[in-house]
Amino acid sequence: MKASVLLKSSLLTSLFVISSCATTKYSMDTAKNDYSNLEAGRTYTVMMRDGSENQKILFRNVEGDNIIGTAGKKDSTVVTIPKANVAAVRDSRKAKTVIGASIIGAAGVAALVISASRADN
């Protein structure tokens with residue numbers, strides 16, 4: 001009985017984590033990447049194709065072949081990233097929500113396993 005409850009709860013947790021993806025992937029063909037789903041005024045983490053350090057930007061707009069933003073809400077340094085160098089863009093707010101939900105889900109699974117183990121005794 002213990003194994004089946006643990007297996008079911010692990011399966012549900014893994015399905016929840018997999019379905020909560022917060023990353024948008026972009027193809028190598030930069031003509032297909034219109035970046036229309038990015039919203040001005042939101043903070044995004046931009047992951048680079050060349051393996052260089054991820055950049056956190058406050059997105060402003062797309063101008064030609066570049067993504068324009070600032071280094072942060074308080075730092076007004078303009079950041080220009082060529083579209084060709086972008087591998088993925090992650091919404092920081094969604095990532096924090098997924099992490100919080102994962103922690104809550106793990107606590108729920110732990111509560112189920114503990115209650116199931118006490119019920120068998």
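Predicted model: local features only at pLDDT ≥ 70, side-chain atom pairs only at ≥ 80, totals over all residues.

Me: Why are Tyr-44 and Phe-59 called an aromatic pair?

Reply: Ring centres must lie within 6.5 Å. Tyr-44 and Phe-59 are 6.2 Å apart, centre to centre. The distance is inside the limit, so they pair. The count comes to one aromatic pair.

Me: What makes the pair of Tyr-44 and Phe-59 edge-to-face?

Reply: The angle between the planes is 90 degrees.

Me: Where in the chain do the two partners sit?

Reply: Tyr-44 is in strand β2 (residues 43-48) and Phe-59 in strand β3 (residues 55-63). They are 15 residues apart, and the pair links distant parts of the chain.

Me: Are Tyr-44 and Phe-59 buried or exposed?

Reply: Both are buried. That means under 20% relative accessible area.

Me: What makes up the largest nonpolar core?

Reply: It has 12 residues, including Tyr-44, Phe-59, Val-79 and Ile-81. Its members are buried and joined through side-chain atoms within 4.5 Å. β2, β3, β5 (78-82) and β6 (86-91) each give two or more residues. The largest share, three residues, comes from β2.

Me: Which face of β5 is covered?

Reply: The one with Val-79 and Ile-81. Val-78, Thr-80 and Pro-82 form the uncovered face.

Me: How do you know that strand β4 (residues 66-70) and β5 pair?

Reply: Pairing needs at least two bridges. β4 and β5 have five, so they pair, in the antiparallel sense. Ile-68 stands opposite Thr-80 in β5.

How values were computed:
Residues numbered from 1 in each chain as written. Heavy atoms only, no water. Phe/Tyr/Trp six-rings, centres within 6.5 Å; stacked < 30°, edge-to-face > 60°. Helix = DSSP H or I, 4+ residues; strand = E, 2+ residues; numbered from the N terminus. Buried < 20%, exposed > 50% of the residue type's maximum accessible area, 1.4 Å probe, protein only.
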